[in-house]
Amino acid sequence: MKNFIRMIALTLVLALGLAIFSTALAASASYKGTGTTSYTITTGKKDATLKISHSAGKVSATAWKNAIKGTTKTVSKSWYGKFKVTVSCGGSSRSAIVNYPYNKTATFKLNKNSTYKVKVECLGFSDQVGTVWNLKWKTNPRAKLSVNNWAKIK
């Protein structure tokens, strides 16, 4: 029984070590802003996958304090940005829009031994529905780029 428990414990420790190791090999970059930025991704001997996800920023917005009286107040809310991601290599390019709640992520397949230019552009506020207006960014939204298979983001 003791040997069985030790074997299970060793298996769990090895699984945890491999999980940490594989996460360390994945490259990623984050863009926090409302303008445009560019990255260069270089792939190695294997095909790679580029995944773009995003997280919300904070906005200052106007909301009804009392709709019957017509009074308003300023509130702070979490809000997503709308990002356009363009991936180009050579003469070809592909684009995707990351826009909460419709397209929460975008994925691109990258061919081996290639260099890609990735442009991330914030198009403003996402199309999420809310009961606020006059949105202004307090904390910018974030688009996160991550690749697997030992590709490098610069």
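## Contacts around T86

Contact here means that heavy atoms lie within 4.5 Å of each other. In this predicted model, T86 touches S93, R94, S95, K117, V118 and K119, leaving aside residues up to four places away in sequence. T86 belongs to strand β6. Its relative accessible area is 17%, and buried means under 20%, so T86 counts as buried.

One of the neighbours of T86 also takes part in a polar contact: the side chains of T86 and S95 meet at 3.1 Å.

Strands of a sheet pair through backbone hydrogen bonds, and the pairing may be parallel or antiparallel. In this model, five strands build an open sheet with the order β7-β6-β9-β2-β12, and their pairing is antiparallel. Strands β7 (92–99) and β12 (152–153) stand at the edges; each has a single partner strand, so one side of each is left without a neighbour in the sheet.

At one end of this order, β6 and β7 pair in the antiparallel sense over eight bridges.

Nine bridges link β4 (residues 57–66) to β5 in the antiparallel sense. Among the residues involved, K58 has S78 in β5 as its bridge partner. Residue S60 is also found in β4. Beyond residues up to four places away in sequence, S60 touches T74, V75, N134, L135, K136 and K138. With a relative accessible area of 23%, S60 is partly exposed.

## The nonpolar cores

Which residues touch the most other members of the largest nonpolar core? Of its 24 residues, they are I41, L50, F108, L110 and V118. The elements that give two or more residues to this core are β1 (27–32), β2, β3 (48–55), β6 (81–89), β7, β8 (105–110), β9 (115–125) and β11 (142–147). Strand β9 gives the most, with four residues.

The surroundings of F108 can be listed in detail. Apart from residues up to four places away in sequence, F108 touches A48, T49, L50, I52, V85, V87, R94, S95 and A96. A second, separate core has five residues, including V59, A61, A63 and V132.

## A buried glutamine and a cis peptide bond

Residue Q128 lies in the loop between β9 and β10. Is this residue buried or exposed? Its relative accessible area is 15%, so Q128 is buried. A polar atom of the Q128 side chain lies 2.9 Å from the backbone nitrogen of Y80. Leaving aside residues up to four places away in sequence, Q128 touches S78, W79, Y80, Y100 and P101.

Two of these contacts, Y100 and P101, are joined by a cis peptide bond, with omega near 5 degrees. P101 is placed in the loop between β7 and β8. Most peptide bonds are trans, and most residues other than glycine have a negative phi.

## Positive phi outside glycine

Residue N113 has a phi near 50 degrees, a positive value in a residue other than glycine. N113 lies in the loop between β8 and β9 and is exposed, with a relative accessible area of 58%.

Residue N134 likewise has a positive phi, near 55 degrees, and is not a glycine. N134 is found in strand β10, and its relative accessibility of 48% makes it partly exposed. N134 is also one of the residues that S60 touches.

Technical notes:
Residues numbered from 1 in each chain as written. Predicted model: local features only at pLDDT ≥ 70, side-chain atom pairs only at ≥ 80, totals over all residues. Heavy atoms only, no water. Pairing = 2+ DSSP bridges. Core = buried A, V, L, I, M, F, W, Y, C linked by side-chain atoms within 4.5 Å. Buried < 20%, exposed > 50% of the residue type's maximum accessible area, 1.4 Å probe, protein only. Polar contact = N/O pair within 3.5 Å; in protein donor to acceptor, adjacent residues only side chain to side chain.
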